[in-house]
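Open the model in your viewer and follow the stops below in order. Each one gives a selection and then what is there.

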Amino acid sequence: MGSKWRKAKLALGLNLCVYVPQTLEDSSPSMDVGRRYSDAVLLSPSLSPQSRSSDCHPAMPTTPTPSSSGLRLSKHGTKSSKKTCAICLNTMKPGQGHAIFTAECSHAFHFHCITSNVKHGSQSCPVCRAKWKEIPFQSPASDLAHGRARINPVDWGHDDAWMTVLRQLPSPRQDASRHISSLFHAHEPAVFDDDEVLDHQPESTERSSSTRDIDNNSIGAIEVKTYPEVSAVPRSTSHNNFTVLIHLKAPLTSGRQNSGTNQTNMQPTSQSCRAPVDLVTVLDVSGSMAGTKLALLKRAMGFVIQSLGPCDRLSVISFSSTARRLFPLRRMTDTGRQQALQAVNSLVSNGGTNIAEGLRKGAKVMLDRKWKNPVSSIILLSDGQDTYTVCSPGGAHSRTDYSLLLPFSIHRNGGTGFQIPVHAFGFGTDHDATSMHAISETSGGTFSFIEAEGVIQDAFAQCIGGLLSVVVQELRVGVECVHPSLQLSSIKAGSYHTSVTPDARTGFIDVGDLYAEEERDFLVNIDIPINGCGDEMSLFKVRCVYRDPITKELVKCGEADEVKIQRPEIARQVVVSMEVDRQRNRLRAAEAMVEARAAAERGDLTSAVAVLESCRRALSETVSARAGDRLCVALGAELKEMQERMANRRIYEASGRAYVLSGLSSHSWQRATARGDSTDSATLLQAYQTPSMVDMLTRSQTMFVSSGAPSPHPPIRPARSFPARPLPR
C-alpha cells in the first residue's frame, strides 16, 4: 500500500506536500525523515511553495485544504533550508559570527537557536521530527579551553565563541517511563509582574481625566446616522413599536492611511498612529494536536508574531493536562520576535485538555502585569473538550456550567473593570463548540470555527487585523426622547448591554471597543401616540461618549440631529426604509438561529430545519430582499447552509453546532468570525469584515512570493458588511 501511495504522489508531483500513511515497508529511518511534517519550517516566510525552484514541484496553495490524503502543507526544497535557519528565519552563512549546527538527519540550524529548542524540552529535529540520539546544548565558556571536538567544523565561524557539546539521550525504553509533560518543568514566579517595560511614558498607560468635545463632522469623530422606518405617521393614528435605526461607523485613523509594511518583517512602519496591544495566546498542545494540527498552529503563530510591532507585547500560554507560560509579556522587537518564534517552535503535544487552567494562567498574565498597553486581548485555541473542569476525567460527574472555564476576573460583567475579551477558536470537528462559545460570549469576545485545519492562519489574521486597529474604546451610546409624550419600548442591540431609565425616557447601549471603520446598527422601538396638532414630531436625539485609546481622553461627540417624522393630517402612501428593513432581517435571522439551535439540542432536527426554512422564506418576501439587498442574499445563503448542517445528528455534532454558534457570535456582536469559507474572498459570508481585517487576510493569503519577500499589498477594499459581487441567478 505504501509503495502505491508513493508512486501516486510522485506522478502528481505532490511528494513534498501530501502526507503518506506509513506502512511496514516504508519504515526505514531515511524514508521517515524525508516524509515527516515540518513544524518550524512553517514559521518561515521564505519557505513558501512559490519559493521553490521551477524544476521542483508545482506551486501549491499557501493555505492547506482538506483532501482524502490529508492536509497539504507548504514545504520547502533542500536548497532554501540550507540558506535559512528554520527556527529564527535568518540566513546561515559560515564566517558571519554564528555557529551552525548540522544534525545527524543533515538539517542545519544556528547553534544558539537549536540549543534554545533543546532547553525548552525538544529532543527531535524541528524540520523532519526525527528523534536524535545526541542533542546539542550550550557549553560554559570555560569549556572552550578544553578544545572539545566540533560536529561540523566546516560550518563554524572562526570568531564564534560557542562549542558543540553533545549529551547522550536516554534509550527509548528509559524515555518511555518519563512523564509526558517534560515540557512543563520551568520555574514560574508566583506573580506575573515580570512583563517587559513599555517603550512609552508610564503615565500614558493610565486613564486621563480630561474630556474633549468634538464636532460630529470633525476628523476622527464617530459617524452617526438615524433612519426611521417610515417618514410619516398620520396625526389621527398611533404606532406602537415604531422602529428607528441608529447606524454608527468608527473613524479611519491616520495610522492606517500611512501604515505601510516593512517588506522584510511585515511590521507597520507607523505604529505610533495606532493603539499598541497586549496579547496573550492560550494554545492547546494536548495529544490530539500532534502532527498536522501542531505544525499549522506553529505557522499561524509565526504569522501573528511577525505581524505585531515593537510596541505590541505578546505572551504565550500552552496547556494540555496543565498549563505553562512560555514567556512573559514581551515587546515584539526583532529580538522579542526571534525569541517568541523559538519558544513557539519548541511546543510539543501530549496529555489531556485543561482549558480552564490555560485561561486561568492567561488571565493571570493580564491581571498581574506591571504595565498596560491600551488594548488587551486573549486568543484561545483548542481542538478538544475540557476533561478537567466541565467534565472530570472519566466523565463521572459531568457539569454544564461553562462559566467555570473562565476566571471571574475577566468576565464582561464581573465588576472588576477589566475589559479583556477572549476570542475563542474551535479547531477541527472534535472541539467543544458550546464551551468555546460560552467563553467568548461571557468575556465579550468572538467565537470562530476553524473547520478546515489549514484555515487557522487566515482565522488568526482576521482577528489580529481587528485588534491592531482599535480606534474607539468604552463607547456608550445614549438615546434621549425629545417629545414629552414619547417613551422607549425596547432597544435591540444583540449581545451588547442595554439599559433604560425607570421613566423610559432615556436608554443606553454599552458598545465598548470599535475597530477602524467598523460599523454597528441598533434598533430603537418607541410608541408613537396620536398627535392632535403639529405637522412634525421630534422623536429622540443620540449622544456618543468614548475614550481615545491613544490619548486616553474621554471624547464627547456633538449631538446628532434629532430624529423627526412628519405627522400629516391625511394619510398618504409611505416608503419603508430599506436600511431599517435589512437590519430587521438580520435580527430575524439571528433569532431563527437561536430557535433552531435549541430544537437541535433537544434532538428535534426536523423542527430546527423547519424554523430556518420558514425564516429564509420570510426574508425573501421582505422589501429589501425583493430589491436585491446583498445582506438579505447572504443571510439566506447562511440559513441554507445551516439547514444542510442539520441534515442528521452526525453532521450536526461534527460541524452544525459550531457553525451555528459561530454565526450567532458574529451577528450578536456584529463582528467578523471565521466559519466555513468566510475568509475566502469569493464567499458571501464576509459579514462585518473591516478594511484592516481584509488587509491582514490578504497578507496572510498572498504574502509568500519568491525569495520570501512579501508581495505588494493590493488596494484596500472599501468598508462594507458584504462584498459587492453579482447576485446569484
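Two strands count as paired if DSSP finds at least two bridges between them. With that in mind, note that this is a predicted model, and begin with the whole chain.

**Whole chain.** Show everything as a cartoon. The chain holds 17 helices and 22 strands. Of its 729 residues, 55% are buried. Among contacts in the chain with a separation of 6 or more, 73% are between residues 24 or more positions apart.

**The six-stranded sheet.** Select β5, β21, β20, β14, β17 and β16, which lie in that order in an open sheet with mixed pairing. Its edges are β5 (211-214) and β16 (497-500), each of which pairs on one side only. On average, neighbouring strands in this sheet are turned by 20 degrees against each other, direction ignored.

**β20 and β21.** Within that sheet, select residues 540-547 for β20 and 554-557 for β21. In which sense do these two strands pair, parallel or antiparallel? They pair in the antiparallel sense, over 3 bridges. To see one bridge, display Tyr546 together with its partner in β21, Val555.

**Lys552.** Stay here and select Lys552, in the loop between β20 and β21. Its phi is positive, about 70 degrees, although Lys552 is not a glycine. Is Lys552 buried or exposed? Its relative accessible area is 9%, and buried means under 20%, so Lys552 is buried.

**Glu517.** Move on to the loop between β17 (506-515) and β18 (519-528), where Glu517 lies. This residue is another non-glycine with a positive phi, here about 65 degrees. Glu517 has a relative accessible area of 15% and is therefore buried by the under 20% cut-off.

**α7 and α11.** Finish with a helix pair: select residues 292-307 for α7 and 456-467 for α11. The two helices pack with their axes 8 Å apart, at an angle of about 25 degrees. Angles under 35 degrees count as roughly parallel, so α7 and α11 are roughly parallel to each other. The crossing of α7 past α11 is right-handed. Show side chains to view the contact: on the α7 side are Leu296, Leu297, Arg299, Ala300, Met301, Phe303, Val304 and Ser307. They meet Ile456, Gln457, Phe460, Ala461 and Ile464 of α11.

Key
Residues are numbered from 1 along each chain as its sequence is written. This is a predicted model: local features need pLDDT of at least 70, side-chain atom pairs count only at pLDDT 80 or more; totals for chains, interfaces and linings use all residues. Side-chain values use heavy atoms; hydrogens and water are left out. Helices (H or I, at least four residues) and strands (E, at least two) are DSSP runs, numbered from the N terminus. Buried means under 20% relative accessible area, exposed over 50%, partly exposed in between (1.4 Å probe, protein chains only). Contact means heavy atoms within 4.5 Å. Axes are lines fitted to C-alpha atoms, for helices over the stretch in contact, and angles run from 0 to 180 degrees between N-to-C directions. Angles under 35 degrees count as roughly parallel, over 145 as roughly antiparallel, 65 to 115 as roughly perpendicular and the rest as oblique. A crossing is left-handed if the near helix is turned anticlockwise from the far one by less than a right angle, and right-handed if clockwise.
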